[in-house]
Amino acid sequence: MAFASLNGVYVKDSDSRAFERLIDRSITEIEIPKGITRIGPGAFEGCSQISGTVTVPDGVTRIEYNAFSACKGITELILPDGLEYIGGSGLVDMSSLKRLVLPPKVTTFTSTMAARSGYTEFVAEGDIKSVGPAVFQNCYNCLSYDFTHCTSVPPLSNTNAFLGINTSAKILVPAYLYDEWIVATNWAAYADYIFAVGDGIYGSLEYALGADGASYTVTGIGSYGSVGEGTELVVPNEYDGLPVTSIAASAFEGNGEIVSVSIPESIVSIGKNAFNGCTNISYIYFGAAQMNDLEMTDLVFMNAGKDTDGIQVVIGNKVSAVPKRLFSGNAVTYECANIKSIEFEDGSVCTEIGDNAFYYCKINESFIAPATLESIGSYAFNSSEIDTVFDFSACLQIPSLASATMGSVMRQSILVPAALYDEWITATNWAAFANRIVAV
């Protein structure tokens, strides 16, 4: 067994040591010595008999041009976190390489850096700032290029960077940059390969400009497919420099791919049936602080969560009032939202739950009121499907209850602060539930 550590030439490079070049180019295994800070130009170029795993040791910050060019037998290349630079054609023609992961400090891709290699997956752990010519040219086997750590769209020098891309490949980008990425110079040529991942949708939201030309309405999800298990739908506050203020009627109706929904502060209206039939939703964040009340027939979340064990509903800390009929179901057709729990974000300022807010909903685990709650509207929780604990133990006052219809069937406890218990059990409309009220 021959090791490169016995066959290398070390040269001084200011205060660093460089592994300059192999003397014996016929070796089959390689062990790069510790203490090296740079792999020199062409250090292992053409060493096609080296096979298996090669580990570049900690301390190496640069891999120069052609360093591993045509190392056709290497199946795994482990690069150190401190690596900062890979030169042109540094990892080219590595036909047996199975997966290529570039560490966080590598943020610039030089010309043909990893072209004509055999890996099926490429991962950039850094915030990539530029992609040079022909970087991934003729990487026929690669099915996934991961750019999800980017904080901006890196300039792409020309369209030959992905020349010969596998027709099934996906270029993965952060969801919040997706719309910008698919139209960026040269990236646009690969728009059909670009998929959004992370805190957002797996695909593209569609918008309509409002009649006033000063705001946008979300109208649905575009044509790009899922790369994960379910769509995490995050509606943005802004689009193209303008506020996103509404979600259109039936925008996501019947979409069984959506598993979570985040509604931002900017939304003031949600149209009829917007999320009707989204049966796989298991989480909803509602942050719309100034949203208008809904109409009795809007039923925006009807049948949402039907195929899950219930939706975790979180009300944002800027929402002062849960809108009327927000989750209202249809008592005539027995259709409703399947809710697991209702809670309020830390720092909540909510003082009111509107009429029919959760009318005819299934609520099967818990409701946790914020300390600030002052009033509960008529029929806010009226349903024969409620089987939950109502926790008001954080309340600083007894919230007024507009009617004695908290639920047609109350199966669980109503938890209240011990200091307010005597008042609570005799308060208007609360007295009807005195046998369920428990001091904590």
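**Figure 1. Cys 336 is a buried cysteine.** With a relative accessible area of 9%, Cys 336 counts as buried, because that word stands for under 20% relative accessible area, while exposed is over 50% and partly exposed lies in between (1.4 Å probe, protein chains only). Keep in mind that this is a predicted model, in which local features need pLDDT of at least 70, side-chain atom pairs count only at pLDDT 80 or more, and totals for chains, interfaces and linings use all residues. Residues are numbered from 1 along each chain as its sequence is written, and side-chain values use heavy atoms, with hydrogens and water left out. How many disulfides does the structure hold? The number is 0, where a disulfide is a pair of cysteine sulfur atoms within 2.5 Å. For Cys 336, the nearest cysteine sulfur belongs to Cys 361 and is 6.2 Å away. Cys 395 is another buried residue, at 4% relative accessibility.

**Figure 2. The chain has 2 helices and 32 strands.** Helices (H or I, at least four residues) and strands (E, at least two) are DSSP runs, numbered from the N terminus. Of the 440 residues in the chain, 51% count as buried. A contact means heavy atoms within 4.5 Å. Among contacts between residues at least 6 apart in sequence, 54% join residues at least 24 apart.

**Figure 3. Four strands, S24-S26-S28-S30, form an open sheet with parallel pairing.** Which strands stand at the edges? They are S24 (321-322) and S30 (400-401), each with a single partner strand, so one side of each has no neighbour in the sheet. Two strands pair if DSSP finds at least two bridges between them. S24 and strand S26 (residues 352-353) run parallel and are joined by 2 bridges. Here you can find Ala 321 opposite Glu 352 in S26.

**Figure 4. Strand S13 (residues 170-174) is mostly covered.** Of its 5 residues, 4 are buried. Strand S12 (residues 144-146) runs parallel to S13, and 3 bridges join them. Look for Asp 146, which stands opposite Leu 172 in S13. S13 is also joined to strand S14 (residues 194-197) by 4 bridges, again with parallel strands. Val 173 has Ala 196 in S14 as its bridge partner. Strands of a sheet pair through backbone hydrogen bonds, either parallel or antiparallel.

**Figure 5. Thr 110 sits in a loop between two strands.** The loop runs between strand S9 (108-109) and strand S10 (121-124). Is Thr 110 buried or exposed? At 15% relative accessibility, Thr 110 counts as buried. Leaving aside neighbours within four places in sequence, Thr 110 is in contact with Tyr 85, Ile 86, Gly 87, Gly 88 and Val 135. A polar atom of the Thr 110 side chain lies 3.2 Å from the backbone oxygen of Gly 87.

**Figure 6. The second largest pocket has a volume of about 200 Å³.** A pocket is found on a 1 Å grid over the protein atoms alone, as an open set of points where a 1.4 Å probe fits, with protein on both sides within 12 Å along at least five of seven lines; lining residues have an atom within 4 Å of a point. Grid points are joined across faces, edges and corners, and the volume is the space filled by probe spheres set on the points. Among the lining residues are Thr 75, Asp 81, Lys 98 and Glu 125. Strand S6 (74-78) and strand S8 (99-102) are the elements that give two or more residues to this lining. S6 gives the most, with 4 residues.

Technical notes: A polar contact is a pair of N or O atoms within 3.5 Å; within protein, one must be able to donate a hydrogen and the other to accept it, and residues adjacent in sequence count only if both atoms are side-chain atoms.
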